[in-house]
Amino acid sequence: MTAVRTSLPALWLLVASVSLAAQAPAPAAATECAQVWIGHEAEYEAFLKSAKVASMKAVPVGVTKPSRAYFAPGGLAESMAWKAITPGLKNGFYESYRSEIAAYELDKMLGLQMVPPTVERQVDSSTGAAVLWASPTRSFKEMGGVPGQAKSPAPPSAKIAGWTRQLVRAKMFDNLIGNKDPNLGNWLVDGDWHLLLIDHSRSFTSMKPLVHKIDNVDRGLWEKFLALDEASLQPAVGNWMGKGELRAVLERRDKMKEEIDRMVKQRGETVFLP
């Protein structure tokens, strides 16, 4: 569920550049939705915490060396990504399995529904993050780039508005959590053109700069960002990060507010998606 780091200059402008002329069939059958956990979060979390791992194999891509763990047939899920990343500095990046869990919990708190269920558990005496394997999906990298650009298929016309909103929301979320690794392998698309976000082990540090340039804003999600404070964040993500990292979430939100306020002065309400 993670891929080799790929430069994403196109991702900064992807919302404005989805081309209707590049339309092609969806990446999988239109009925194949990977968001199977929605409305059943508690069941999937419990399964990921307790289901016996039948086999494990290394994932051949990804700088954090994840594994794919398979469960016995007939269970709630086929497999999970296993990320036993001891918190610490590696290759110039702070990485932690705990950040994976924080990303899911904050996604759940915000109602984003893009980060697959992720829990803490033990496998063979190692503690790590168990992430539901999102399937059926393809990454932007597997699709040939950002959908709608170059050789990558674009959503059908009926999906364009919803797809654009998802891209805006994903960029806003990356900025909030300080995701240092938003690459083509970590943004996934299912057959219904749902956008899923994976690989957050380098997120939730004390870094202040924003990852993405914001061109448009989803008003509903932004109102939820504005309502965040330490008291509301603590129950959701306080177990997975220190107070400094928690405050950094709010500081990045405040940087977003400064930028959005400037945009509104320049462009008015057109900043917000209809």
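Me: Which residue stands opposite Val-189 in β10?

Reply: Strands (E, at least two residues) are DSSP runs, numbered from the N terminus, as are helices (H or I, at least four). In this structure, the residue of β10 opposite Val-189 is Leu-195. The model is predicted: local features need pLDDT of at least 70, side-chain atom pairs count only at pLDDT 80 or more, and totals for chains, interfaces and linings use all residues. Residues are numbered from 1 along each chain as its sequence is written, and side-chain values use heavy atoms, with hydrogens and water left out.

Me: How many bridges join β9 to β10?

Reply: Two strands pair if DSSP finds at least two bridges between them. Here β9 and β10 run antiparallel and are joined by three bridges.

Me: What is the order of strands in the open sheet?

Reply: The three strands follow the order β8-β9-β10, with antiparallel pairing. Both β8 (137-139) and β10 are edge strands, each pairing on one side only.

Me: Which strands does α4 touch where it packs on the sheet?

Reply: Contact means heavy atoms within 4.5 Å. By that criterion, α4 touches β9 and β10.

Me: Which residues have the most contacts inside the largest nonpolar core?

Reply: A nonpolar core is a set of buried Ala, Val, Leu, Ile, Met, Phe, Trp, Tyr and Cys residues joined through side-chain atoms within 4.5 Å; buried means under 20% relative accessible area (1.4 Å probe, protein chains only). The largest such core has 50 residues, and Leu-106, Phe-140, Met-172 and Leu-195 have the most contacts inside it. Helix α4 gives the most to this core, with eight residues. A second, separate core of 19 residues includes Phe-47, Ala-69, Trp-82 and Leu-188.

Conventions. Axes fitted to C-alpha atoms, helices over the stretch in contact; angles between N-to-C directions.
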